[in-house]
Amino acid sequence: MRLVLLLVVIVATAGCSSVEQDTSQLHQEQDALSAAIRKIQVVHGATIKGHPQYATLGRTEGYCFNRPNSTGGQVVHGDGLRAAAYRKYGDQVNAIVNTSVWFVADEDYGAYEPYDEGGYFECAGTAVHFTGESAPAAQPSPS
């Protein structure tokens, strides 16, 4: 009986150790993803201040709040716009341009107002990579 109990304790301890390692690895990956997507700029139009030239990578879609460049809160349904672009195009993504946002009503509710309980926001845009040199910062004119 003691041998069986000892085996159960050993297996349980080994299982907890692997769970802690998996959790630690997951936190490290999430921190790396957060740091990478924080650098991605999101703009409504096609012009990115300071970066006049860029190459188009492709369309990206994600979940968002009522604005594509929103950074507050937690997106419950899946990847936000920045995270979706990063997962699709990797470190190449510097910005997302020409963004749009729309409300998706749940099937059970025909929401008339976007802030009702029955739906969520999705957003899309075009992921781009900066090319060439950045535009020089404006210098104050000498007086």
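Biologist: In which sense do β3 and β4 pair, and over how many bridges?

Modeller: Keep in mind that this is a predicted model. Ala95 stands opposite Val128 in β4, and Phe103 has Phe121 as its bridge partner in that strand. The pairing of β3 and β4 is antiparallel, and the number of bridges is nine.

Biologist: What is the strand order of the sheet?

Modeller: β4 also pairs with β2, in the antiparallel sense and over ten bridges; Thr60 opposite Gly125 in β4 is one example. On the other flank, β3 (residues 95-105) is joined to β1 by two bridges, and these two strands run parallel. The sheet is open, has four strands and shows mixed pairing, in the order β1-β3-β4-β2.

Biologist: Which strands are the edge strands?

Modeller: An edge strand here pairs on one side only. For β1, the partner is β3, where Ala95 stands opposite Gln41. For β2, the partner is β4. The edge strands are therefore β1 (41-42) and β2 (54-64).

Biologist: In what order do the helices and strands follow one another from the N terminus?

Modeller: The protein has two helices and four strands. Read from the N terminus on, the elements run α-β-β-α-β-β.

Biologist: At about what angle does α2 run to β2?

Modeller: Helix α2 spans residues 81-89 and lies across β1, β2, β3 and β4 (119-130). Buried residues in α2 are Leu81, Arg82, Ala83, Ala84, Ala85 and Tyr89. After α2 comes Gly90, with a positive phi near 70 degrees. The angle between α2 and β2 is about 130 degrees.

Biologist: Which residues form the aromatic pair, and what is its geometry?

Modeller: The count of aromatic pairs comes to one. Its members are Phe103 and Phe121, with 5.4 Å centre to centre and 70 degrees between the planes. The pair links distant parts of the chain, since Phe103 is in strand β3 and Phe121 is in strand β4, 18 residues apart. Planes over 60 degrees apart count as edge-to-face, so the pair Phe103 and Phe121 is edge-to-face.

Biologist: Is Phe121 buried or exposed?

Modeller: Phe121 lies in strand β4, and its C-alpha atom is separated by 8.7 Å from that of Ala105, 16 residues apart along the chain. The relative accessible area of Phe121 is 15%, and the cut-off is under 20%, so Phe121 is buried.

Biologist: What share of contacts in the protein joins residues at least 24 apart?

Modeller: The share is taken among contacts between residues at least 6 apart in sequence. Of these, the part that joins residues at least 24 apart is 67%.

Biologist: What percentage of the residues is buried?

Modeller: The accessible surface of the protein comes to about 10400 Å². Carbon and sulfur atoms hold 54% of that surface. Of the 143 residues in the protein, the buried part is 24%.

Conventions. Residues numbered from 1 in each chain as written. Predicted model: local features only at pLDDT ≥ 70, side-chain atom pairs only at ≥ 80, totals over all residues. Heavy atoms only, no water. Contact = heavy atoms within 4.5 Å. Axes fitted to C-alpha atoms, helices over the stretch in contact; angles between N-to-C directions. Buried < 20%, exposed > 50% of the residue type's maximum accessible area, 1.4 Å probe, protein only. Areas by Shrake-Rupley, 256 points an atom, 1.4 Å probe, with all protein chains shown as cover. Phe/Tyr/Trp six-rings, centres within 6.5 Å; stacked < 30°, edge-to-face > 60°.
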